[in-house]
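This report is meant for a reader who is meeting the structure for the first time.

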Amino acid sequence: MIIIETKNYLYTYSWEPNEASLCALERRILFGEDSESSILESSIEIDPSRSPFIRERLEIICEAGEFDELLNHIHQLEAVDGFKVVFVQNPDAEKVGFKKLRKIEKEVGLHLKGEAELVEPHIWYGIIQAHDRWVFGKYVRNEAVWLHHVKKPHSYSTALSTRVARAVVNIAAPETSGVKMIDPCCGIGTVLVEALSMGIDIVGSDRNPLILDGVRENIAHFGFEGDVSLRDINDVTGSYDVAVIDLPYNLCSVISDDEQLEMLRSARRFADKVVIVTLEDVDANVAKAGFDIIDRCEVSKGRFVRQILVCV
């Protein structure tokens, strides 16, 4: 048995087939790990609800090769009242049936000192069999915050989905504290809502005066406050740590190659890092604007295949 003295966390993941590349990019940015496994172990602490792909997190307390061995050491832990135990399914293994998982949860609960609380627990514990060992720890599940943002007062079909927008924000700002972010082509405000829900300091702007009232209403609808202004990207002033730019494209907004390059050069002026969302091949213009593409992925939505470029 191993008692974990330094904090280590185990995360379980799930994603849709069209999101695999986006999930992998978000994981590389947040954790610095590139893997196809649905389980990730790291010393980095991330709130599971930040990501649309993380299902839950265990803060590892102890682990063992055999279940009975783990039970013996769980029994030696200090008493805690008001706990509940949940069995965590391993996404990479065969699903454990309901009766068996309930038996495992009961056995773990009986070996824990203190009083259990099944209705309104003060602390959640989780147990999982992963990577040829049993792991026990403090459990936090993903609250799927972005699902509450799907139904906005205003939307349009070509906007980023809330899941994609949330992942893009994570890619743009793996560390949320102290970051200054801008979305200078904010559209209906999907990225703004996700960033604000994470407590990120973000401002938005767009050159289309017809959508700004809708953006502000979307933000206020979810109880957030944000600065949104009528402004062309080429008129942005100030300095930002990162910009998220969902580039206009010819299916919905006519823009020339030269105008696109001008937009990117403007972004180079006011942002140290840019995450570009595009339907078109913009690599040449990204380079001409003075950016280096350090990572990328693709994500599809119906007939749209978007590229997401991380540029510095």
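## Interior, pockets and loops

Once the neighbours within four places in sequence are left aside, isoleucine 308 is in contact with Leu22, Leu25, Val164, Val168, Val275, Ile276, Val277, Asp295, Arg296, Cys297 and Val299. The model in which these contacts are found is a predicted one. Isoleucine 308 also belongs to the largest nonpolar core, which has 45 residues and in which Leu22, Met181 and Ile308 touch the most other members. Helix H4, residues 162-172, supplies the largest share of this core, namely seven residues. As general background, nonpolar side chains in soluble globular proteins tend to be buried together.

Strand E8, residues 180-183, runs parallel to E11 and is joined to it by two bridges, and here isoleucine 182 has alanine 243 of E11 as its bridge partner. Strand E12, residues 271-278, is also parallel to E11, and six bridges join these two strands; in this pairing, isoleucine 245 has isoleucine 276 of E12 as its bridge partner.

Serine 205 sits in strand E9, which covers residues 201-206. Its relative accessible area is 0%, so serine 205 counts as buried. Apart from neighbours within four places in sequence, serine 205 is in contact with Asp183, Pro184, Cys185, Cys186, Ser229, Arg231 and Val236.

| Pocket | Space | Lining residues | Nonpolar, polar and charged |
|---|---|---|---|
| Largest pocket | About 630 Å³ | 32 residues | 17 nonpolar, seven polar, eight charged |
| Second largest pocket | About 270 Å³ | 14 residues | nine nonpolar, one polar, four charged |

In the largest pocket, the lining residues that lie nearest the centre are Tyr156, Cys185, Asp206, Asp246 and Pro248. The elements that give two or more residues to this lining are helix H5 (190-197), strand E11 (240-246) and helix H7 (257-270), and H7 gives the most, with three residues. In the second largest pocket, the lining residues nearest the centre are Lys84, Val85, Glu105, Lys106 and Leu118. Strand E5 (83-87) and helix H3 (98-111) are the elements that give two or more residues to the lining of this second pocket, with H3 giving the most, seven residues.

Histidine 131, in the loop between strand E6 (123-130) and strand E7 (133-141), has a positive phi of about 55 degrees although it is not a glycine. Alanine 144, in the loop between E7 and H4, is likewise not a glycine and has a positive phi of about 50 degrees. Is each of these residues buried, partly exposed or exposed? Histidine 131 has a relative accessible area of 46% and is therefore partly exposed, whereas alanine 144, at 16% relative accessibility, counts as buried because the cut-off is under 20%.

Methods:
Residues are numbered from 1 along each chain as its sequence is written. This is a predicted model: local features need pLDDT of at least 70, side-chain atom pairs count only at pLDDT 80 or more; totals for chains, interfaces and linings use all residues. Side-chain values use heavy atoms; hydrogens and water are left out. On a 1 Å grid over the protein atoms alone, a cavity is a set of points where a 1.4 Å probe fits but cannot get out, and a pocket is an open set with protein on both sides within 12 Å along at least five of seven lines; lining residues have an atom within 4 Å of a point. Grid points are joined across faces, edges and corners, and a volume is the space filled by probe spheres set on the points. Helices (H or I, at least four residues) and strands (E, at least two) are DSSP runs, numbered from the N terminus. Ala, Val, Leu, Ile, Met, Phe, Trp, Tyr, Cys and Pro count as nonpolar, Asp, Glu, Lys and Arg as charged, and the others, Gly among them, as polar. A nonpolar core is a set of buried Ala, Val, Leu, Ile, Met, Phe, Trp, Tyr and Cys residues joined through side-chain atoms within 4.5 Å. Buried means under 20% relative accessible area, exposed over 50%, partly exposed in between (1.4 Å probe, protein chains only). Contact means heavy atoms within 4.5 Å. Two strands pair if DSSP finds at least two bridges between them.
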